[in-house]
Amino acid sequence: MSADDPGLLSFGDPRDPGNRPARLTVGVVGTGRVGPAMGAALQLAGHRVVAASGVSAASRRRAETLLPGVRLVTPPQVMAAADLVLLTVPDDALPELVAGLAATGAVRPGQILVHTSGAHGVSVLEPATRAGALPLALHPAMTFTGTSVDVARLAGCPFGVTSPEELRPVAEALVVEMGGEPEWVPEAVRPLYHTALAHGSNHLVTLVAQAMEILTDAGVAEPGRMLGPLLGAALDNALRSGDAALTGPVARGDAGTVRAHVAQLRATSPQLLDSYRAMARATADRALANGMLKPESAEALLDVLAEEGQ
């Protein structure tokens, strides 16, 4: 199979079962949290996972749980066994892995190589592409647990898709087969795309964990239970309305309340003070830019946030 094969390039709407790729043998290089789940999803779609590789004991257990009966071998052996290979390794490990596989002759012409890194497009697969591989970047915009729950969560999950234009129907069809929703991301903006997702999801976890820590210090026995409805509503409102969803003392310009917050954090949780100040400043800037906050109120807030030792 090659990029010039008319059979490969004749796909139409990927949501039409008649336009989906032929059944493929699938290999997984890197059985962390993502690879086994995607392999299992492809298997549910009718493809056949034939080999996987993993280094740590935890990754091997994940493979045995989500891909039962699939043999665990070396990456070159995975490449030799599969028509489609998922490269599901950490972002920084991907370039060296691809270069090594290409240099050792493990890549076959017409073999579909899929990586799941959000930070990279298909240029990272260039050594394999020169050897005849068909490069796809399919990034599921979801956090993974490493359990069977992840397979179900792929249903309706957006995927950031990047590929050569002629392979776009194949890339989108594979995403649809896994139950996902393909979203085209041009190569040039792939790092920006990933920055947005990491900033939103990773930093949200930090923010929530900090809020739970403060509630614990305040004597709340179940901080997650208290925060759940509030944060759920805030997230829903933010996704629907953006900055218009801002509420609270910063958006209202209540400098006195913010001063009290700063004082409390300095006394009980000084390790969280810098985070609070940074987020309050960013919130004030956005509220000011959107006309929710008057300039004089913003100035008073920023003065409070700049105070030291109060």
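Helices here are DSSP runs of H or I with at least four residues, numbered from the N terminus. The model shown in every view is predicted.

View 1. D150 lies in helix 6, which spans residues 149–153. The residue is buried but forms no salt bridge. R153 is the nearest side chain of opposite charge, 4.3 Å from D150, and a salt bridge requires a side-chain nitrogen of Lys or Arg within 4 Å of a carboxyl oxygen. Leaving aside residues up to four places away in sequence, D150 is in contact with R33, A37, M142, T143, F144 and T145.

View 2. Helix 4 covers residues 94–103, and its buried residues are L94, L97, V98 and L101. These four lie on the same side of the helix because they span an arc of only 95° around its axis. An α-helix has 3.6 residues a turn, so residues three or four places apart point the same way. E96 and A103, on the other side of helix 4, are exposed. After the helix comes G105, with a positive phi near 75°.

**View 3. Strand 5 and its partners.** Strand 5 is covered on both faces, with I112 and V114 buried on one side and L113 and H115 buried on the other. Strand 4 pairs with strand 5 in the parallel sense over four bridges, and L84 has I112 as its bridge partner in strand 5. From strand 4 the chain passes through helix 4 to strand 5, a β-α-β crossover that is right-handed. Strand 6 (residues 134–140) also pairs with strand 5 in the parallel sense, over four bridges. In strand 6, L134 is the bridge partner of I112.

View 4. The open sheet consists of eight strands in the order 3-2-1-4-5-6-7-8, with mixed pairing. Strand 3 (71–72) and strand 8 (181–184) are the edge strands; each has a single partner strand, so one side of each has no neighbour in the sheet. A52 stands opposite L72 of strand 3.

Terms used: Residues are numbered from 1 along each chain as its sequence is written. This is a predicted model: local features need pLDDT of at least 70, side-chain atom pairs count only at pLDDT 80 or more; totals for chains, interfaces and linings use all residues. Side-chain values use heavy atoms; hydrogens and water are left out. Helices (H or I, at least four residues) and strands (E, at least two) are DSSP runs, numbered from the N terminus. Buried means under 20% relative accessible area, exposed over 50%, partly exposed in between (1.4 Å probe, protein chains only). Lys and Arg count as positive and Asp and Glu as negative; His and the chain ends are not counted. Contact means heavy atoms within 4.5 Å. The arc is that of the directions from the helix axis to the C-beta atoms. Two strands pair if DSSP finds at least two bridges between them. A crossover is right-handed if, with the strands pointing away from the viewer, the path from the first strand over the helix to the second runs clockwise.
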